[in-house]
Every structure is written in C-alpha cells, then in structure tokens.
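Work through the exercises below with the sequence and the 3D structure in view. Each task is followed by a solution in steps.

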Amino acid sequence: MVTLSVNGKTFDLDVESDTPLLWALRENVGLTGTKYGCGIAQCGACTVHIDGAAVRSCSVQVGDAIGKQITTIEGLADNGVLHRVQKAWIDHDAPQCGYCQSGMIMAVAALLTEKPQPTDSDIDAAITNICRCGTFKQVREAIHAAAKA
Ligand code: FES
Ligand code: FES
C-alpha cells in the first residue's frame with residue numbers, strides 16, 4: 001500500500017512502490033488527463049508536477065513521490081478558475097488533437113514559475129515535449145501570452 005497526495009487529496013493505493021507514477025495516477029487514482037506517449041521520458045505527454053517541479057511521470061516510481069505534493073492537469077485550475085496557461089492555450093488555439101497538451105501545459109506552468117518571462121531560447125530549452133500535430137508555433141505564442149497575463 002502506498003499513500004500519495006494528489007491535487008490536495010490523499011489516496012491509499014494498492015500498488016508496488018516501483019509502479020510508475022503515471023500508471024498509479026491513471027489506473028488507481030482515475031485521473032486520465034495525464035497521458036501515456038512513449039514510456040521512456042522522451043515525449044512529455046505524462047508531465048505532472050511534484051512539489052511544483054515538472055516531472056515525466058512514466059519514469060518516476062510511486063515510492064519516490066510519497067510525502068510530496070503531486071499536481072496533475074486536473075488540479076491545475078484553482079477552484080474552477082483556469083490557470084493562466086490554460087487560458088492562453090484557449091485564446092491561442094494551441095491544441096489540435098489535444099493528446100500531448102496536458103503534459104505540455106504542465107511543463108509550461110512549471111517553466112513560468114521558474115522563469116516568469118522566458119525567452120524563445122528558454123522555451124526551446126525547457127519545453128522539449130513532443131507534439132505530433134506540430135502545435136509548436138501556437139504553443140510558443142501562448143507561452144508568451146501567459147507570461148504577460
Ligand atoms: S510517456 Fe512519459 S515522457 Fe513519454
Ligand atoms: S496536439 Fe496532437 S499531439 Fe499535440
């Protein structure tokens with residue numbers, strides 16, 4: 001049994017401590033907004049926050065998340081008020097199929113906490129998430145808009 005804190009709630013999960021966090025979130029907690037893409041920390045579709053930092057949850061074991069605050073895309077809005085990154089995503093039509101976008105948004109939210117006014121180079125260095133739909137131009141515009149919000 002593993003106890004995790006996710007989006008401000010506590011969950012007792014019947015999983016092994018080496019279970020990938022992504023699986024525990026999707027299969028045991030039931031939060032399916034976090035997506036599986038590659039499973040090897042390359043695509044970023046599975047990005048969540050642990051204690052505010054962006055991590056690729058396919059490559060984090062639940063045992064390493066015990067006692068930490070996990071935030072998923074479902075927990076990013078504050079009492080129904082969208083996060084500024086979510087608002088910018090809507091304003092700039094960033095999503096296409098949407099599959100990669102929750103991970104992209106979580107990565108960007110963490111970036112803006114670290115670097116409130118990122119340059120294009122900062123964005124290229126930090127946001128290495130892969131989008132098969134090629135939304136990178138809209139994503140960049142939305143990041144700059146969110147930084148100004
Ligand atoms: S599924 Fe985790 S980085 Fe691709
Ligand atoms: S919006 Fe389709 S994969 Fe990124």
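**Exercise 1. Elements of the chain**

State how many helices and strands the chain has, and give their order.

Solution. The model is a predicted one. Its chain has five helices and five strands. Read from the N terminus, the order is β-β-α-β-β-β-α-α-α-α.

**Exercise 2. Overall dimensions**

Decide how the radius of gyration of the chain compares with that of a compact globule.

Solution. Step one is the expectation: for 149 residues, a compact globule would have a radius of gyration near 15 Å. Step two is the value for the chain, which is 15 Å and therefore agrees. The box filled by the C-alpha atoms, taken along the principal axes, is roughly 45 × 30 × 25 Å. Next come burial and surface. Of the 149 residues, 42% are buried. The accessible surface is about 7,700 Å², and carbon and sulfur atoms account for 49% of it. Among contacts between residues at least 6 apart in sequence, 56% join residues at least 24 apart. Finally, the chain has 12 positive and 16 negative charges, whose mean positions lie 7 Å apart.

**Exercise 3. Helix α1**

List the buried residues of α1 and say which strands they pack against.

Solution. Helix α1 covers residues 21-29, and its buried residues are Leu21, Leu22, Ala24, Leu25 and Val29. The buried residues of α1 pack against β1 (2-6), β2 (9-13), β3 and β5 (69-71). Just after the helix, glycine 30 has a positive phi of about 85°.

**Exercise 4. Alanine 65**

Is alanine 65 buried or exposed? Name its contacts too.

Solution. Alanine 65 lies in the loop between β4 and β5. Its relative accessibility is 0%, so alanine 65 counts as buried. With neighbours within four places in sequence set aside, alanine 65 contacts Leu4, Leu21, Ile50 and Ile70. For a distance across the model, take arginine 140: its C-alpha atom is 30 Å from that of alanine 65, and the two residues are 75 apart along the chain.

**Exercise 5. Two aspartates**

Where are aspartate 51 and aspartate 93 found, and what phi does each take?

Solution. Aspartate 51 sits in the loop between β3 (47-50) and β4 (53-56). Although not a glycine, aspartate 51 has a positive phi of about 50°. Aspartate 93 is in the loop between α2 and α3. Aspartate 93, also not a glycine, has a positive phi of about 50°.

Technical notes
Residues are numbered from 1 along each chain as its sequence is written. Chains are lettered from A and ligands numbered from 1 in the order in which they are written. This is a predicted model: local features need pLDDT of at least 70, side-chain atom pairs count only at pLDDT 80 or more; totals for chains, interfaces and linings use all residues. Side-chain values use heavy atoms; hydrogens and water are left out. Helices (H or I, at least four residues) and strands (E, at least two) are DSSP runs, numbered from the N terminus. The radius of gyration is taken over C-alpha atoms; the globule rule is 2.2 Å times the number of residues to the power 0.38. Buried means under 20% relative accessible area, exposed over 50%, partly exposed in between (1.4 Å probe, protein chains only). Contact means heavy atoms within 4.5 Å. Accessible areas come from the Shrake-Rupley method with a 1.4 Å probe; for residues, only the protein chains shown count as cover. Lys and Arg count as positive and Asp and Glu as negative; His and the chain ends are not counted. The place of a charge is taken as NZ of Lys, CZ of Arg, CG of Asp or CD of Glu.
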